[in-house]
Amino acid sequence: MDDTRRSFLKFAGISALGLGSVSTLASLMPGSATASDESSAPHYKETKKALTAKRWGMVIDTRKLTPRLCEKMIEACHKAHNVPDHDNERHTVKWIWTDEFEHIFPMKQNEYLAERLKGLPIVSLCNQCNNPPCVQACPTKATFQREDGIVMMDFHRCIGCRFCMAACPYGSRSFNFRDPRPAIEEENDDFPTRMRGVVEKCNFCAERLAEGKMPACVEVSEGALVFGDLEDPNSEIRKVLRENYVIQRKQNLGTNPSVYYII
Amino acid sequence: MLERAFKGSKGYWVWLVALLAVIGVGFGFYLRQLTFGLGITGMSRDVSWGFYIAQFTFLVGVAASAVMLVIPYYLHDYKKFGRITVLGEFLAVASVIMCLLFIIVDLGQPMRLFNVLIHPTPNSMLFWDMIVLNGYLFLNILIGWNVLEAEKNSVPPPQWVKPLIYISIPWAISIHTVTAFLYCGLPGRGFWLTAILAPRFLASAFAAGPAFLILLAFIVRRFARYDAGRDQIQTMAKIVTYGAIANVFFFLCEVFVALYSQIPGHTAHLQYLFFGLHGHGVLVPWMWTSIFLMLAAIILLVIPSARRNEAVLGVACVAIFVGIWIDKGLGMISGGFIPNPLHHVKEYVPTIPEIAITVAVYAAGFLILTILYKVVVGVKQEVGE
């Protein structure tokens, strides 16, 4: 990770030499050069209480999921992140939502699915892949991976080409097909609203982690979601992973999701 | 040389004004798209690329097909193609410009377009597509213009053009290869995840592009009284035949792999396109029309007496062009998105504004093509070819 950042900076430096005028232009553009170019500093300003990890991950315990609980998680997330609620289905923006087992795990369905799983809403969100196809596809590095594994968006750099949406095997990304602001019921001033024409998705609540808070969905999950450092053997999430058999979505694609499911 | 574009018959000017009117209408819709957002199109969270990107893909093929004239003329010394090679190169110029316009109208934040240059990202295929498309545009303008100018002055083209011509040959292959790589390198899209996508794109390009050029040759002969030549057209017809057969063969290879392996992620898309899936199938009649047109055209083209009849050849070329347009301009892109990664069927149908913008981009391409061809035909008639 560190290496790729550094080589990118080198590359940027070399191209700045060649494209003097372009790089001057870049430095004039607000947000474009500062947002994700900073090599090691996280996206959000770290405070002393900030929660940090080598690689953030999540375990979703489907045994504890209920429709009501899922609703609560969706509401908490979408409120915290100013996710618009459009009438037109085509314009839908969602960071976390529910679907049935056969859709969340299309390769794992079978005719004799356990009774308990039939019709059970299972939460779906960005898998924060350790090998993210969206980051590979993005032509501007507007989607990038932080050192703690979180795959983030720079809303100010995104050109809206939607290559990342084609690349994502989980349908976890949404595009602002129209101005989202009129469709936000109650605006949260602690998180930016977006403009039309950019892609967005779950960011594992990077902005809350920086303030020492757990992700919004985890906070209201009543223990159904376990969040923590996958690389810390003493973390709670590792304990849960040690004690339970878990699955990842579309594991065969090699994206290595950081979101695990206990079925 | 460009001054020849400013002198023309009444019909020429009426045609240009008509194209401008179409561009104007589309531009009006585009302004609406700029202010409202891409929500005025039929695209959605599930089918996130639609008509624009499909036309882009199709036209990259038309652009690449110029190489089918360049190779015989410059590598095999097939002198007869001297009459039409520039026509092929200028068709490539107009096509690449349309491709770039289609990319721009598809962007959610077009004013940030230059972020692709400011933050160069070699791991993104879109970065390479930008390089190969712009390079190809540049090469064809330089080559076409200089060769034509030399012809006008009855001198051989400047020496430095020769290496550019040789570079343009693999470069033409590269534009459609990289365009296929946009799709076939994505892990979760079974329809595109196939190594034969780039070869198939090229085969369909080498059928549709020259077929279109044959039709253009008929139009130029009728309206500008410049004859591309019977032999030239017949040679192109053979190129179309080989391209069309290779395209159908590659497609059948695709169908075999998907249907015999029966892997759902691969069969589902074909099933959606040709039979419908979960009660959805807007593209079914289109896809069968495409298959019928391509097969019918191949039958006409492989029969020598039919191919030599220019009326039949014209019909076959229209069939090839339309058949491949349906395949690449309608089915190829939305087919890859349906069903979506969570195996829901969310269909896509372009909206009126989206179609108006698309038609306007085509009109802009035809405007450029008309002007360039006007210059070519003017020069050719002057030197008495």
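Two residues are in contact here if their C-beta atoms, placed from the backbone, lie within 7 Å. Keep that in mind for the views below, which come from a predicted model.

**View 1. Where chain A meets chain B.**
Start at the interface: 46 residues of chain A are in contact with 33 residues of chain B. On the chain A side, the elements that put in two or more residues are α1 (2-18), α2 (20-28), α5 (133-137), α6 (163-167) and β6 (174-175). The largest share goes to α6(A), with four residues. Sort this side of chain A by class and you get 23 nonpolar, 14 polar and nine charged residues.

**View 2. A three-stranded sheet in chain A.**
Chain A has nine helices and nine strands in total, and this view picks out three of those strands. They form an open sheet in the order β8-β1-β9, with mixed pairing. β8 (225-229) and β9 (259-262) of chain A are the edge strands; each has a single partner strand, so one side of each is left without a neighbour in the sheet. On average, neighbouring strands are turned by 20 degrees against each other, ignoring direction.

**View 3. Zooming in on β1 of chain A.**
Strands of a sheet pair through backbone hydrogen bonds, either parallel or antiparallel. Both kinds turn up around β1(A). With β9(A), strand β1 (residues 56-61) runs parallel, and four bridges join the two. Look for M58(A) opposite V259(A), and for D61(A) opposite I262(A). With β8(A), β1(A) runs antiparallel, joined by five bridges. Here V59(A) has V226(A) as its bridge partner. β1(A) is mostly covered, with five of its six residues buried.

**View 4. Two loop residues of chain A with positive phi.**
R162(A) isn't a glycine, yet its phi is positive, at about 65 degrees. You'll find R162(A) in the loop between β5 (151-153) and α6 of chain A. A residue is buried if 20 or more other C-beta atoms lie within 10 Å of its own. R162(A) has 24 C-beta neighbours inside 10 Å, so it counts as buried. C205(A) is another non-glycine with a positive phi, of about 55 degrees. C205(A) sits in the loop between β7 (199-200) and α7 (206-209) of chain A. It has 26 other C-beta atoms within 10 Å, so C205(A) is buried too. For the chain overall, buried residues make up 44% of the 263 residues in chain A.

**View 5. The two domains of chain B.**
Chain B splits into domain 1 (1-184 + 351-385) and domain 2 (191-211 + 236-350). Their centres, taken over C-alpha atoms, are separated by 23 Å. Between them, 31 residues of domain 1 are in contact with 30 residues of domain 2. On the domain 1 side, α2 (51-64), α7 (161-184) and α14 (352-382) of chain B each give two or more residues. α2(B) has the largest share of that side, nine residues. By class, this side of domain 1 has 16 nonpolar, 13 polar and two charged residues.

**View 6. The largest nonpolar core.**
In soluble globular proteins, nonpolar side chains tend to be buried together. In this model the largest nonpolar core has 189 residues, and those touching the most other members are A63(B), F90(B), C99(B), V240(B), A297(B) and I320(B). Helix α4 (residues 85-106) of chain B brings the largest share, 15 residues. Domain 1 and domain 2 of chain B both give residues to this core, so it lies between them. For a closer look, pick A297(B): leaving aside neighbours within four places in sequence, A297(B) is in contact with A244(B), A316(B), A319(B), I320(B) and G323(B).

**View 7. A cis peptide bond in chain B.**
The bond joining I338(B) and P339(B) is a cis peptide bond, with omega about 0 degrees. P339(B) lies in the loop between α13 (310-337) and α14 of chain B.

Note on methods:
Residues numbered from 1 in each chain as written. Chains lettered and ligands numbered in written order. Predicted model: local features only at pLDDT ≥ 70, side-chain atom pairs only at ≥ 80, totals over all residues. Pairing = 2+ DSSP bridges. Axes fitted to C-alpha atoms, helices over the stretch in contact; angles between N-to-C directions. Domains from an automatic or database assignment. Nonpolar A, V, L, I, M, F, W, Y, C, P; charged D, E, K, R; others polar. Core = buried A, V, L, I, M, F, W, Y, C linked by C-beta atoms within 7 Å. Buried ≥ 20, exposed ≤ 12 C-beta atoms within 10 Å, placed from the backbone.
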